[in-house]
Amino acid sequence: MKRVYLDNNATTRVDSEVLQAMLPFFTDHFGNPSSMHDLGDVASAAMKTARQQLQALIGAKFDHEIIFTSGGTESNNTAILSAMGVMPGRREIITSAVEHPAVLTLCAHLEKTSGIKVHRIPVDQHGRLDLDAYRMALTQRVAIVSIMWANNETGTIFPVAHLAEGAKKVGAIFHTDAVQAVGKLPMDLKSTAIDMLSVSGHKLHGPKGVGALYIKSGVPFDALLKGGHQERDRRAGTENTPGIVGLGKAAELALECMDEENTRIKSLRDRLEKGLLKRIPKTSVNGDPLARLPNTTSVTFGGTVGEAIQLLLNRIGVACSSGSACNSGFQMQSHVLEAMNIPLTAALGAVRFSFSRFNCEEDVDQVLQVIPGIVKKLQGSYPAPVWWAKS
C-alpha cells in the first residue's frame, strides 16, 4: 500500500517549484538584503517580489503592509502584544474559546501576569461563534479582538469581516489568525476592516520557519523584536531570504490553485466523509456543515479513542491526526470539541483528516478500505481511561 498523507493542517509538503525558487538563495544569491552591494540588491529584490506575491493572495492594498516573521505563532504574538502596547487605557482582549494555542496561551499569560481581562467567546455544537456574546463583550475597554478565520481542527469558518466591523465601531484593533485559511479561501483584505492577519508558510506548501503578519496601513504598531531597521523597523533581524522567497512562491501557486482547492479537493473530503458515514456506525462529522474549509474534516468514531485509530493507521502508512499538532502527545480532550459541548466519550474518538492538492481519489479509497476494520476492532473494546476524563 502506498503512503497516504492526510495531515495537511499540521504541515504540508513543500512544493517542488517552491524548493527550486529557494535553492539559489542558499548558494548563488546569498547576500544580506540590507547590504548595499549587488548580492544584497538581488536578495532585496527577491523579497520585494515575495511581498507582492503574498499581497496578491490576501488582497492587501499595499505590499508594504506585509512584514515577514518566523511563522504563525510569532505573528499572533506580535499582533496581540503590539495592540496592548499601542492602546493605552484599554486592558481587555476578545478571543474565541477555540483559538489555536498560539493565541490562547498568550492570552492566559497576559491574564495571569498583567491583569488583562480576556473574553473567550463560546461556540455552539457546530463550532459557530456566539455572536450575541461577542457583541456584549465589545466595549471601549477592548484593545484587540483576535479571532481565527477558520478553525484548525474542525475547519469551521468564522465571519471575520463582519466581526472586524464590530471591533471597528468601538475603536478596537481586529486581528485574525488566518494560518489555516490563507490559500484555501479567497481573500480581499483591502475591502474589509481587518487590521492584522497572520500567515504561516508551511501550511500552504511553503517552508517551515517563515510566515507573515499583515498590518493595514495606518494601524498603530509596536514591534515585538527591536534592533535593526529591517521590515521598516517593524521586525528586527536579518531576514530569512530563502524562506521568504519560498513563502512568496507558495503564495503565487496557492492563488493559481484556489479553484482546485474549492472543487477537486473539497470533493475528496466529501468522498471520505460520505464513505465513513456509510460504512461505520456511530460516526459523525464535527463542525459547521456549510461554512467549513474545503480540505478539512473532523470525524468522531463513537466508542473509540482517536489516537488509537491514528496510531493504527500510521502502522499501515496513513498519516492523520487527532487534533492540533501543537497538542500532540498530551492525552487530553480537545479544547475545541470541549467548547462545542461534544460529550467526552465522543470527543475522544475524533480524528482529523486534512487534504491538499497532492491528494487524489486513490488516497481516499485506500483509507475507506482499511479504516472500517480498525474502528470495528476498537469500538466497545477501548474505553477511555478515567484519568483521561479528568484531564
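# Report on the fold, cores and salt bridges

The residue M196 has I215 as its bridge partner in strand β8. These two residues belong to strands β7 (residues 196-200) and β8 (residues 211-215), which pair in the antiparallel sense over five bridges. Two strands are said to pair if DSSP finds at least two bridges between them. Helices (H or I, at least four residues) and strands (E, at least two) are DSSP runs, numbered from the N terminus.

The model is predicted, and local features need pLDDT of at least 70, side-chain atom pairs count only at pLDDT 80 or more, and totals for chains, interfaces and linings use all residues. Residues are numbered from 1 along each chain as its sequence is written, and side-chain values use heavy atoms, with hydrogens and water left out.

## The seven-stranded sheet

Strands β7 and β8 are part of an open sheet of seven strands, ordered β2-β8-β7-β6-β5-β3-β4, in which the pairing is mixed. At the edges stand β2 (66-69) and β4 (117-121), each with a single partner strand, so one side of each has no neighbour in the sheet. From one strand to the next, the twist averages 20°. Such angles run from 0 to 180 degrees between N-to-C directions, and axes are lines fitted to C-alpha atoms, for helices over the stretch in contact.

Helices also lie against this sheet. Helix α2 (residues 38-58) lies across β2, β7 and β8 and runs at about 110° to β2. Helix α6 (residues 160-169) packs on the sheet as well, where it touches β5 (142-146) and β6 (173-177), and its direction makes about 160° with that of β6. Contact, here and below, means heavy atoms within 4.5 Å.

## Nonpolar cores

A nonpolar core is a set of buried Ala, Val, Leu, Ile, Met, Phe, Trp, Tyr and Cys residues joined through side-chain atoms within 4.5 Å. Buried means under 20% relative accessible area, exposed over 50%, and partly exposed in between (1.4 Å probe, protein chains only). The largest nonpolar core has 62 residues, of which L54, I58, Y134, W149, F174 and L197 touch the most other members. Helix α8 supplies the largest share of this core, six residues. Beyond four places in sequence, the residues that L197 touches include I58, W149, H175, V182, M187, L189, L213 and Y214. Another core, of 26 residues, lies apart from the largest one, and L268, L276, V370 and V375 are among its members.

Strand β10 (residues 296-301) pairs with β12 in the antiparallel sense over five bridges, and S298 has R352 as its bridge partner in β12. Is strand β12 (residues 350-354) mostly covered or mostly uncovered? Strand β12 is mostly covered, as five of its five residues are buried. From this strand A350, R352 and S354 point one way, while V351 and F353 point the other way.

S354 is also touched by N8, whose contacts beyond four places in sequence are H205, S354, F355, S356 and N359. N8 itself lies in the loop between β1 (4-5) and α1.

## Salt bridges

A salt bridge is a side-chain nitrogen of Lys or Arg within 4 Å of a carboxyl oxygen of Asp or Glu. The whole structure holds 21 of them. In one, between K249 and E17, the closest N and O atoms are 3.9 Å apart. K249 lies in helix α8 (residues 241-256) and E17 in helix α1 (residues 16-22), so this pair ties together parts that are 232 residues apart in sequence.

E260 and R264 meet through their side chains in another salt bridge, at 2.8 Å from N to O. A further one joins R269 to E273, with the closest N and O atoms 4.0 Å apart. R269 and E273 both lie in helix α10 (residues 264-279), four residues apart, which is about one turn of the helix, and both are buried. Salt bridges with shared partners join K266, R269, D270, E273 and R292 into one network.

## Residue D233 and accessibility values

D233 lies in helix α7 (residues 230-233). Leaving aside neighbours within four places in sequence, D233 is in contact with A223 and G228. The C-alpha atoms of D233 and R120 are separated by 32 Å, and the two residues are 113 residues apart along the chain.

The table gives accessibility for residues discussed above.

| Residue | Relative accessible area | Class |
|---|---|---|
| N8 | 3% | buried |
| K249 | 18% | buried |
| E260 | 26% | partly exposed |
| R264 | 29% | partly exposed |
| E17 | 41% | partly exposed |
| D233 | 45% | partly exposed |
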